[in-house]
Amino acid sequence: MDTMDTTTVTPDAKPGHENTNALHTVEAPPARWHWLSGPFERPGVRRATIVLLAVFALAFPFITGDQANIDAAGNATAYACLALGLNIVVGFCGLLDLGYAAFFAIGAYSFGILTSWQITPEWSGFWSPFAALGLVQKVVQNGHALVHFTVSFWIMLPLSGVIAAFFGVLFGAPTLRLRGDYLAIVTLGFGEIVPIVARNWSSLTNGAAGLNGIASPTIFSYRFGINATPYYYVGIGLVAFLIFASTRLRDSRIGRAWMAIRDDEIAASAMGINLTRFKLLAFGIGAGFAGMSGTFYVAKLQTATPDMFGFPVSVMILVMVVLGGLGSVWGVVLGAVLLQLLQSWFLGDLTQWVNAFGTLIHSGYLSSIDLTQASELLFGIILVIMMLYRREGLIPANRRQRALSFEQQHATVQMQKRASDITLSQIGGEGYRHEPGAVPMLEINDVTVRFGGLVALNKVNITVPAGGVVAVIGPNGSGKSTLFNTITGLTRAAEGSILFNGQEIIGLPPHEILRLGIARTFQNIRLFGTLTVAANIMVGQHARLKAGPISAILRSPKNLPEEKAARAWIVEIAQIFGNRLAPRLTQTVVGLSYANRRRVEISRALASKPRLLLLDEPTAGMNTSESLELAEQIKGLHALGLTILIIEHKLDVVTRIADKVIVLDHGDKLTEGLPDEVRRNEAVLEAYLGRGAAAHA
Ligand code: ADP
Ligand code: MG
């Protein structure tokens, strides 16, 4: 529902028309702008909550004073780290991984092997430098000089993250092309393989008996030993670091790319996101978190057996993530802690209650039942309850949103953008301008596209001059959308060539084509449904921003201005549509009207600073006044220097904006010409209306 439909449009600019009044109501986004609004919306409340939590976490060992409790809490920190890692893979990027514990195992065994007595090669001069660095020791056993690995926990903690990330990428590279169920099955297999390898590669892992004698960490010559407290504090530190890293990643270009992939892969790639690279990145970083957790966990237990990393563990981590809230950083930590506490305390208590009840009713079965090992039962119950009553988890990643107030909705009516009003400062890039030159911007030569036996495009030739507006019309099924898919690399042409500024683009992946300067919208709108309007438009800028994962986490001096300029730029773009989008920047797109979704999609395409904009039926679902308003806005963009190729059915829109009209029918180019010529063309009328009707028209 869009209450702004009452707006009257004045496409013909009246001289002296006052149009600047309401612009001041649009504010730049705040410096800390949460794309995925968490539970702590107000910064003050958020900060206070975090400080309180931190104080409690630090004071916990003193509050309880009980080693068993501290030990359980220490285990909970390890699982919280795992949940944070899996959250990146499943929650942020939407890749269902059922074998995540494999990376936990890799991190665990890396540390275990490099600090225990499991492998002791012959000593030789080669090892001397390592001995000098304290990584190995020379020991003499039965007259043999052997190498004993003594790599420090503090080195292994980051290193095992790197090792696990390496395996994540290695494993991900061939499999991440698979989607959904297929990926889940392959990860399930990988999750089974790693413990099996650990069980059978005895020389490396000591088989089912597990690694023994893993050295406990030391700090300033204080050895942790079996005291639970220092491990607990290391765990808290690790959780804090991973929360920090997850949050920074989530709020950066990287996190936006992941969430775009999760919401719509095709749109993500068409908006310039390299799917393979960003999926691998999620997989690698997620695996890295697991690797660090593995080292921590094994250092704490001082043993590693294959059973610690089996399928049930992967399931448990997944349940933690689902319980807390997919994609919610604080949620998954809460989920992990709750589930650990439930397992270590609740199941014991439950057993006692059931036993007491059994004694009461003289049931021998109930009075002797032991539920402490029934954690899978617990997982099952939790999953069913969560799916029935709270699918988004305990702390949802997305806040539920209130509708705009009456005043907010109606403040918009005063704002009307006319073509001549559109200005863009082109922050941080060369903007839309095309280089005037002899080559046409887009040259489509004899392109043929087939779907099996169906010829969707048959030797089509189209030229789009730089700075032109070309409209493509034709009945349904005539191949218009296929033309766009072929230009943007989503569909492969069987024959022909497509030159963009003289460069062949057939065969390039969609994200490369966007990078070159072709952006598009989709006929059946493809927005990133869980993201806000602002985040959707920000994704459009992906290819024009540079931040990598490390600079996103560190918020490097280069990254901050880039992000700031990007946010300022999306506000400018949203203002092309007057006040229709601007007050909705922080709303998720699912709540928008159809017309506003189209506007968001156009804004997202514009955010990529394209030189050629492809619009696929942009006015579909808009009423006449809205359509004409959009036509004006498109004219304004054209006046800024943008070249436009538009598929459009509404002939009054076409006549208003296009310099040239191309008519497609059954995959053939029927004709091309000026809008008025095409309108009178016999063959066109026939294609649209049928032979008999055309005669009467
Ligand atoms: P238009 O946008 O002009 O309505 P399309 O380009 O969507 O038409 O479709 C042209 C023809 O190609 C239609 O017959 C359609 O069914 C077919 N087509 C489009 N995409 C595919 C696909 N991915 N697989 C098979 N057939 C397709
Ligand atoms: Mg179409």
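This note sets out, point by point, the main features of a predicted model.

1. The metal site. The magnesium ion (ligand 2) has two protein atoms assigned to it, OG of Ser481 and OE1 of Gln523, at 2.0 to 2.1 Å. These residues come from distant parts of the chain, 42 residues apart: serine 481 belongs to helix 17 (residues 480–487), while glutamine 523 lies in the loop between strand 10 (518–520) and helix 19 (533–540). Serine 481 is partly exposed, since its relative accessible area is 21% and the buried class requires a value under 20%. Glutamine 523 is also classed as partly exposed, at 31% relative accessibility. Water is not among the atoms, so the site may look incomplete.

2. The surroundings of ligand 1. The residues around ligand 1 include Phe451, Leu454, Ala456 and Pro475. The run from Asn476 through Gly477, Ser478, Gly479, Lys480 and Ser481 to Thr482 also surrounds ligand 1, as does Gln523.

3. Polar contacts to ligand 1. Glycine 477 contributes a backbone N or O atom at 2.8 Å. Serine 481 contributes an N or O atom of its side chain, again at 2.8 Å. For threonine 482, a polar side-chain atom lies 2.5 Å from an oxygen atom of the ligand.

4. An open sheet of 4 strands is present, with the order 6-5-8-9 and antiparallel pairing. Its edges are formed by strand 6 and strand 9 (503–504), each of which pairs on one side only. Strand 5 (residues 442–451) runs antiparallel to strand 6 (residues 454–464), and 7 bridges join the two. Within this pairing, leucine 442 faces valine 464 of strand 6. Strand 5 also pairs with strand 8 (residues 495–500) in the antiparallel sense, over 5 bridges; here threonine 448 is opposite glutamate 495.

5. The hairpin turn. Strands 5 and 6 make a hairpin with 2 residues between them. Glycine 452, in the turn, has a positive phi of about 60°.

6. Aromatic pairs. The model contains 21 aromatic pairs. Phenylalanine 103 and phenylalanine 190 form a tilted pair, because their planes meet at 45°, with ring centres 5.5 Å apart. The partners are 87 residues apart, phenylalanine 103 in helix 3 (residues 101–115) and phenylalanine 190 in helix 6 (residues 180–200). Both of these residues are buried. Phenylalanine 104 forms another tilted pair with tyrosine 297, at 5.4 Å centre to centre and 40° between the planes. That pair connects helix 3 with helix 11 (residues 275–301), across 193 residues, and both phenylalanine 104 and tyrosine 297 are buried.

7. Charges over rings. Two such arrangements deserve mention. The charged end of arginine 520 sits over the ring of phenylalanine 522, 4.0 Å from the ring centre. The charged end of lysine 609 is placed over the ring of tryptophan 569, at 4.7 Å from its centre.

8. Residues with positive phi. Most residues other than glycine have a negative phi. Histidine 362 has a positive value, near 55°, and is found in the loop between helix 13 (329–360) and helix 14. Histidine 362 counts as exposed because its relative accessibility is 73%, above the 50% limit. Histidine 666 likewise has a positive phi, of about 50°, in the loop between strand 13 (660–665) and strand 14 (668–673). At a relative accessible area of 63%, histidine 666 is exposed as well.

9. Alanine 374. This residue is placed in the loop between helix 14 (364–368) and helix 15 (375–389). Alanine 374 counts as buried because its relative accessibility is 18%, under the 20% limit. Its C-alpha atom is separated by 7.6 Å from that of leucine 347, which is 27 residues away along the chain.

Notes: Residues are numbered from 1 along each chain as its sequence is written. Chains are lettered from A and ligands numbered from 1 in the order in which they are written. This is a predicted model: local features need pLDDT of at least 70, side-chain atom pairs count only at pLDDT 80 or more; totals for chains, interfaces and linings use all residues. Side-chain values use heavy atoms; hydrogens and water are left out. Donors are N, O and S atoms within 2.8 Å of the metal (3.2 Å for Na, K and Ca); water is not among the atoms, so sites may look incomplete. Buried means under 20% relative accessible area, exposed over 50%, partly exposed in between (1.4 Å probe, protein chains only). Rings of Phe, Tyr and Trp (its six-membered ring) pair if their centres lie within 6.5 Å; planes under 30 degrees apart count as stacked, over 60 as edge-to-face and the rest as tilted. A charge sits over a ring if NZ of Lys or CZ of Arg is within 6 Å of the ring centre and within 35 degrees of the ring normal. Two strands pair if DSSP finds at least two bridges between them. A residue is near a molecule or strand if one of its heavy atoms lies within 4 Å of it. A polar contact is a pair of N or O atoms within 3.5 Å; within protein, one must be able to donate a hydrogen and the other to accept it, and residues adjacent in sequence count only if both atoms are side-chain atoms.
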